Amino acid sequence: AVDVADLERHHLRHPQARAIGGGKRRLVLGVGGGIEEPRDVSRLDGDTAALGQPMAIAVHAMRRGRLQSGEVAVVIGVGGIGMFLAYATYELGATVVVADLDEERLSIARSMGAAVTVNPRQQGLAEALANHGALPTVIYEVSGSVSGLRTALDVATRGSRIVAVGLQGQPAELELRDLSLRELELIGTNA
C-alpha cells in the first residue's frame, strides 16, 4: 500500500491515482495499476508488504521494454528485482532466459519459469542463446555492472531493446555507431 500523501509530498504522481480518486488515503499498486486498498489486510505482514516495491520496479521495467507474449526476454542479474522481473516476464508469456553468477538464484529462477539459466562463469550467454535457438527481443540489464551492460549489448540481435534497470556504479563506454547500425534501442527506467 502506498500513502497518496507521501507520493504528493515528493511530487510523484501515479497515473491511476486520479482514475480511482486521488483523495483516497492509500492505494495498492499492482500489475494492473492502482486499486483501492482491500478492507482486510490483517494477513499481510510487513515483510510481505515490503515486496511490493521491488515488484513494482520489475513490472515498470518490463513495461518499459514493451515485451509481448511469445517474445524472448533475457534478464541479466536475478537478485530481488531481477527475480521479480523474470517472474513477471514469464507470467506475461515470454520465454525467459536468465544469467547470474549465483547458482542458488539460477535454481530459484528455474523454479519460477525461466526456460534457460546461465552462469557466465561456466558458459557465455551468447553461446547459451545460440544453443537454445533463442533470439532475444528484450534484454533487461538488472545487475548494474559494466560487464552486465556489455553482455546485454553483445547478445542483442538486430532491433533488440535493452532496458537498463540496474544503476551503473561507474561510467560505461557505449559504441553508438554499433547501436545505430544494429538498430538497437537503449531504454532507461526509474521506478
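Q: What share of the protein chain's 191 residues counts as buried?
A: Keep in mind that this is a predicted model. A residue goes into the buried group when its relative accessible area is under 20%. Of the 191 residues in the protein chain, the buried share is 37%.

Q: How many helices and strands does the protein chain have?
A: Counting the elements is a handy start before looking at how they pack. For the protein chain, the tally is eight helices and nine strands.

Q: What is the order of the strands in the open sheet of six?
A: Strands of a sheet pair through backbone hydrogen bonds, either parallel or antiparallel. Here the pairing is parallel. Strands E6 (116-118) and E9 (185-188) each have a single partner strand, so they stand at the edges. Reading across, you get E6-E5-E4-E7-E8-E9.

Q: Is strand E5 largely enclosed or left open by the rest of the structure, and how many of its five residues are buried?
A: E5 covers residues 95-99 and is joined to E6 by three bridges. With E4 it pairs in the parallel sense over five bridges. The rest of the structure largely encloses E5, because the buried residues number four of the five.

Q: Which residue in E5 stands opposite Val75?
A: E4 and E5 are parallel and share five bridges. For Val75, the one across from it in E5 is Val98.

Q: Which residues of helix H7 are buried?
A: An α-helix has 3.6 residues a turn, so residues three or four places apart point the same way. H7 runs over residues 146-155. Its buried residues are covered by, among others, strand E4 (72-76), helix H6 (125-131), strand E7 (138-141), E8 and H8. The buried ones are Val146, Gly148, Leu149, Ala152, Leu153 and Val155.

Q: How far apart in space are Asp102 and Pro120, C-alpha to C-alpha?
A: Asp102 sits in the loop between E5 and helix H5 (103-111). Asp102 counts as partly exposed because its relative accessibility is 32%. Pro120 is 18 residues away from Asp102 in sequence, and in space the C-alpha to C-alpha distance is 9.8 Å.

Q: What is the phi of Arg66?
A: Most residues other than glycine have a negative phi, and most peptide bonds are trans. Arg66 lies in the loop between helix H3 (52-64) and E4, and is partly exposed at 41% relative accessible area. Though not a glycine, Arg66 has a positive phi of about 55 degrees.

Q: Where does Glu183 lie?
A: Glu183 isn't a glycine, yet its phi is positive, at about 50 degrees. You'll find Glu183 in the loop between H8 and E9.

Q: Which residues make the nonpolar surface patch of about 250 Å²?
A: Joining such a patch takes over 30% relative accessible area. One member, with 33%, is partly exposed, and its place is in the loop between strand E8 (161-164) and helix H8 (176-181). The patch is made by Leu174, Leu176 and Leu186.

Notes
Residues numbered from 1 in each chain as written. Predicted model: local features only at pLDDT ≥ 70, side-chain atom pairs only at ≥ 80, totals over all residues. Heavy atoms only, no water. Patch = residues over 30% accessible without salt bridge, like charges linked within 9 Å, V, L, I, M, F, W, Y side chains within 5 Å. Areas by Shrake-Rupley, 256 points an atom, 1.4 Å probe, with all protein chains shown as cover. Salt bridge = Lys/Arg side-chain N within 4 Å of Asp/Glu carboxyl O. Helix = DSSP H or I, 4+ residues; strand = E, 2+ residues; numbered from the N terminus. Buried < 20%, exposed > 50% of the residue type's maximum accessible area, 1.4 Å probe, protein only. Pairing = 2+ DSSP bridges. Contact = heavy atoms within 4.5 Å.
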